[in-house]
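This report describes selected features of one protein model, element by element. Please consult the sequence and the coordinates alongside the text.

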Amino acid sequence: MSTPLSLTCTSLSFAWPDGTPVFDDLQIAFGPGRTGLVGLNGSGKSTLLKLIAGELTPSDGTIRVAGEVGYLPQNVVLDTTLRVDEALGIVDTRAALHAIEAGDVAEEHFATVGDDWDVEERAIATLGQLGLGHVDLDRTIGEVSGGESVLLRLAALLLRRPDVLLLDEPTNNLDLYARRRLYDAVSSWSGVMIVVSHDRELLELVDQIADLHSGEVTWYGGNYSVYEEALTTEQDAAERMVRVAEADLKRQKRELVEAHTKLAKRTRYANKMYENKREPRAVMKLKKRTAQVSAGKHRIMHEEKLTEARERLDEAVEAVRDDDEIRIDLPYTAVPPGRTVLTFLDLQLRYGSRLSGGLDLRGPERIALIGRNGSGKTTLLRTIAGELEPVSGESKTHVPMRFLPQRLDVLDDELTVAENVARFAPDATNNRIRARLARFLFRGARADQPAATLSGGERFRAALAALMLAEPAPQLLMLDEPTNNLDMASVRQLTTALESYEGALIVASHDLPFLESIGITRWLLMEEGELKGTTPEEIGSMD
């Protein structure tokens with residue numbers, strides 16, 4: 001039996017108002033199960049989800065869905081004045097139930113309730129499943145955190161039980177604890193689910209991967225690890241094909257040169273024989289024409305083979321993905337092992353957090369700063385960076401320092417990438433800036449792009465370049481949730497960049513696989529006004 005399709009996109013085309021195309025004649029169909037939709041930043045993943053959800057209209061083609069669609073957008077915005085039951089979409093049913101319980105047997109109340117007599121119990125159970133058991137249905141959205149509002153939106157979708165559930169970067173603003181709740185919800189989902197995410201742990205839970213690349217989709221059975229292994233095998237084969245095609249092209253060029261040489265020799269021989277008139281004139285003319293025609297055919301044959309070889313090389317090169325890596329081999333970023341980099345003591349932070357005790361960071365240490373949403377991680381980093389004054393206590397950096405915030409607002413949108421870097425290194429020559437930018441994959445005209453036109457991954461690379469190329473070179477680098485909104489390729493580029501960075505590092509992140517990949521030497525948990533040493537194993541066992 002063939003698997004029934006719940007969602008089909010046929011000949012789907014879409015372009016932005018300025019004419020920039022996103023899809024042209026896209027064909028894709030989703031059946032039951034959990035699908036991870038992956039691809040580079042700007043490949044159209046979020047756009048595809050918006051088209052399916054009906055938030056955007058295709059310029060051509062059709063989208064057919066068997067049943068109801070539920071959509072969790074990348075940036076969840078809820079009215080802070082709403083009550084929780086309103087956000088869950090159960091306020092009318094709940095009011096009707098309460099009226100019936102109070103003795104009001106009006107027919108409209110029964111019509112409103114329908115078969116949903118256990119709606120309150122299901123709502124409370126769903127909130128509990130997502131770690132929101134403490135959230136009362138009568139509270140307002142303004143009383144819950146940003147991460148909790150994402151889970152509330154998900155709870156509303158789970159209560160609706162849609163046939164197709166679309167999730168766009170659902171873990172972006174969730175702490176480790178909330179992520180685990182979401183992982184559990186994803187694991188237990190029995191319908192059709194399409195997940196766009198850079199979160200590797202989440203993508204390990206899917207049944208298949210749909211890889212959106214250059215406007216086409218390639219399917220891979222299994223989770224992200226299986227996909228990555230299959231893609232590596234494919235790319236190894238593609239690179240071998242490039243080498244074979246390059247060798248073939250060289251051979252065809254050589255044979256074409258040889259064909260031209262033979263043609264020249266035959267022409268000279270025919271002319272010489274004709275001039276010497278060793279045979280009758282008519283015979284000599286015929287032999288001359290025959291030699292020229294034969295040599296010409298030989299040359300044309302080799303030119304056609306050369307053209308075919310070039311086409312095969314182009315096809316082979318196109319099959320190899322651009323896996324350029326950021327390289328940071330900057331002088332003066334290295335920190336000697338015994339050097340004091342950062343100290344602070346008894347910091348009373350803005351917005352209520354107090355860190356009893358202190359912290360000494362020495363040498364090229366790599367610190368992971370973790371904790372629940374709202375625990376004060378960003379406030380601490382901004383205080384260390386000098387953006388916020390502490391209420392009391394002292395924080396002091398002893399080396400050149402740079403801070404890359406979540407918002408990436410270190411860039412001036414009115415300036416180009418090169419001009420933004422020049423702001424941080426005013427004494428550097430234009431040639432020097434461009435040579436360094438090439439290490440961050442901004443080559444040639446790409447360095448002249450206005451910052452406002454950059455994609456999420458490009459903007460991150462540009463902001464990182466601006467800070468890393470600053471003068472003096474930073475010996476302490478602080479990053480706040482650096483993998484948010486980055487595709488997997490950009491995360492790999494960031495990991496490679498940090499591997500070659502020789503200074504001290506503090507990273508606030510909920511992304512455990514990323515933290516484990518960058519060689520963290522000390523793990524600090526920010527909890528209840530204290531910084532406590534911990535380990536990845538202890539973090540993994542926390543609930």
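## Asp 25 and its surroundings

Apart from residues up to four places away in sequence, Asp 25 touches Ser 11, Leu 12 and Ser 13, where contact means heavy atoms within 4.5 Å. Asp 25 lies in strand E2 (residues 21-30); strands (E, at least two residues) and helices (H or I, at least four) are DSSP runs numbered from the N terminus. Because its relative accessibility is 44%, Asp 25 counts as partly exposed; the scale is buried under 20% relative accessible area, exposed over 50% and partly exposed in between, with a 1.4 Å probe and protein chains only. Gly 215 is 190 residues from Asp 25 along the chain, and the C-alpha atoms of the two are separated by 8.6 Å.

The model is predicted: local features need pLDDT of at least 70, side-chain atom pairs count only at pLDDT 80 or more, and totals for chains, interfaces and linings use all residues. Residues are numbered from 1 along each chain as its sequence is written, and side-chain values use heavy atoms, with hydrogens and water left out.

## The mixed sheet

An open sheet is formed by six strands in the order E5-E6-E7-E3-E8-E9, with mixed pairing; two strands pair if DSSP finds at least two bridges between them. Strand E5 (69-72) and strand E9 (216-221) are the edge strands, each pairing on one side only. From one strand to the next, the twist averages 20 degrees. Helix H1 (residues 45-53) lies across E3, E5, E6, E7 and E8 and runs at about 145 degrees to E6; angles run from 0 to 180 degrees between N-to-C directions, and axes are lines fitted to C-alpha atoms, for helices over the stretch in contact.

Within this sheet, strand E3 (residues 33-38) pairs with strand E7 (residues 192-196) in the parallel sense over five bridges, and Thr 35 stands opposite Ile 194 in E7. Strand E6 (residues 164-168) also pairs with E7 in the parallel sense, over five bridges, and here Leu 166 stands opposite Ile 194. The pairing of E3 with strand E8 (residues 208-213) is parallel too, over four bridges; the bridge partner of Gly 36 in E8 is Ile 209.

## Burial of strand E3

How many of the residues of E3 are buried? Six of its six residues are buried, so described as mostly covered by the strand's burial. Gly 33, Thr 35 and Leu 37 point one way from E3, while Arg 34, Gly 36 and Val 38 point the other way.

## Helix H14 and its two partners

The axes of helix H12 (residues 417-424) and H14 (456-468) come within 8 Å and cross at roughly 30 degrees. The two helices are therefore roughly parallel to each other; this class covers angles under 35 degrees, with over 145 roughly antiparallel, 65 to 115 roughly perpendicular and the rest oblique. Their crossing is right-handed, a term for the near helix being turned clockwise from the far one by less than a right angle, anticlockwise being left-handed. Val 417, Val 421 and Phe 424 in H12 meet Ala 462, Ala 465, Ala 466 and Leu 467 in H14. The residues of this contact divide into seven nonpolar, no polar and no charged, where Ala, Val, Leu, Ile, Met, Phe, Trp, Tyr, Cys and Pro count as nonpolar, Asp, Glu, Lys and Arg as charged, and the others, Gly among them, as polar.

H14 also packs with helix H15 (residues 488-499), at an angle of about 15 degrees and with the axes 10 Å apart. That makes H14 roughly parallel to H15, and H14 passes H15 in a right-handed crossing. Gly 457, Phe 460, Arg 461 and Leu 464 in H14 meet Ser 490, Gln 493, Leu 494 and Ala 497 in H15. By class, this contact has four nonpolar, three polar and one charged residues.

Gln 475 is found in the loop between H14 and strand E15 (476-480). Why does Gln 475 count as buried? Its relative accessibility is 10%. Leaving aside neighbours within four places in sequence, its contacts include Tyr 332, Arg 339, Val 399, Pro 400 and Tyr 501.

Helix H11 (residues 377-384) is mostly covered, with six of its eight residues buried; among them are Lys 377, Leu 380 and Ile 384. Just after H11, Gly 386 takes a positive phi of about 85 degrees.
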